[in-house]
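Please look through the sequence and the model shown here before reading on. The questions that come after it are meant for someone meeting this structure for the first time.

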Amino acid sequence: MDSADTIADRLIGAIEAGDREALGALYADDVVIWHNTDQVEMTKEQNLASLDALTAMTTARRFSDVRRHRIDGGFVQQHVLNLEWSSGSGALPGCVVVQLRDGLISRIDEYLDGATIASFGA
């Protein structure tokens, strides 16, 4: 069974690469991904579609300033997601609380700054 750090590193790698299959392999079938910006709980397929959309909109994705802390049943990670697109770039600070079950991600609660996201479209 992979450690929380290994799963977290693979999560970052899959998002940076825009790799839907690698991300899907980290998720339990019944995973729930929640975002503070819209209060919506996404299913596995919805989240994978969201990665596809992010990959289509950006030319590069890179995590920096990663700070990770193990918690009972998972980990908390603070980071900056640096995004590049054809007309510019932006840095999105974030935090995820990740729960693991049987070596897979069973839940992610993701906290992002909605004002920063809105500024990307400006």
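The questions and answers below concern a predicted model, and they go from the sheet to the helices and then to single residues.

Q: In what order do the strands of the open sheet of 6 strands lie?
A: The model, which is predicted, has an open sheet of 6 strands whose pairing is mixed. Read across the sheet, the order of these strands is β2-β1-β6-β5-β4-β3.

Q: Which strands stand at the edges of the sheet, each with a single partner strand?
A: A strand that has a single partner strand is left without a neighbour on one side, so it stands at an edge of the sheet.

Q: Which residue in β6 is the bridge partner of Val 32?
A: Strand β1, residues 27-35, pairs with strand β6, residues 104-112, in the parallel sense, and the pairing extends over 5 bridges. Within β6, the residue that partners Val 32 is Arg 107.

Q: What angle does the direction of helix α3 make with that of β1?
A: Helix α3, made of residues 44-57, packs on the sheet and touches β1, β2, β3 and β4. Compared by direction, helix α3 and β1 make an angle of about 65°.

Q: At about what angle to β3 does helix α1 run?
A: Helix α1 covers residues 4-17 and lies across β3, β4, β5 and β6. Its angle to β3 is about 165°.

Q: Is Asp 65 buried or exposed?
A: Asp 65 is found in strand β3, and it has a positive phi of about 50° although it is not a glycine. Most residues other than glycine have a negative phi. Because exposed means over 50% relative accessible area, Asp 65, at 51% relative accessibility, counts as exposed.

Q: What is the phi of Asp 102, which is not a glycine?
A: Asp 102 is found in the loop between β5 and β6, and at 68% relative accessibility it counts as exposed. Although Asp 102 is not a glycine, its phi is positive, at about 55°.

Q: How far apart in space are Arg 62 and Asp 30, C-alpha to C-alpha?
A: Arg 62 is found in strand β3 and is partly exposed, with a relative accessible area of 48%. Leaving aside neighbours within four places in sequence, Arg 62 is in contact with Glu 16, Val 80, Leu 81 and Asn 82. Arg 62 and Asp 30 are 32 residues apart in sequence, and their C-alpha to C-alpha separation in space is 27 Å.

Key
Residues numbered from 1 in each chain as written. Predicted model: local features only at pLDDT ≥ 70, side-chain atom pairs only at ≥ 80, totals over all residues. Heavy atoms only, no water. Pairing = 2+ DSSP bridges. Helix = DSSP H or I, 4+ residues; strand = E, 2+ residues; numbered from the N terminus. Contact = heavy atoms within 4.5 Å. Axes fitted to C-alpha atoms, helices over the stretch in contact; angles between N-to-C directions. Buried < 20%, exposed > 50% of the residue type's maximum accessible area, 1.4 Å probe, protein only.
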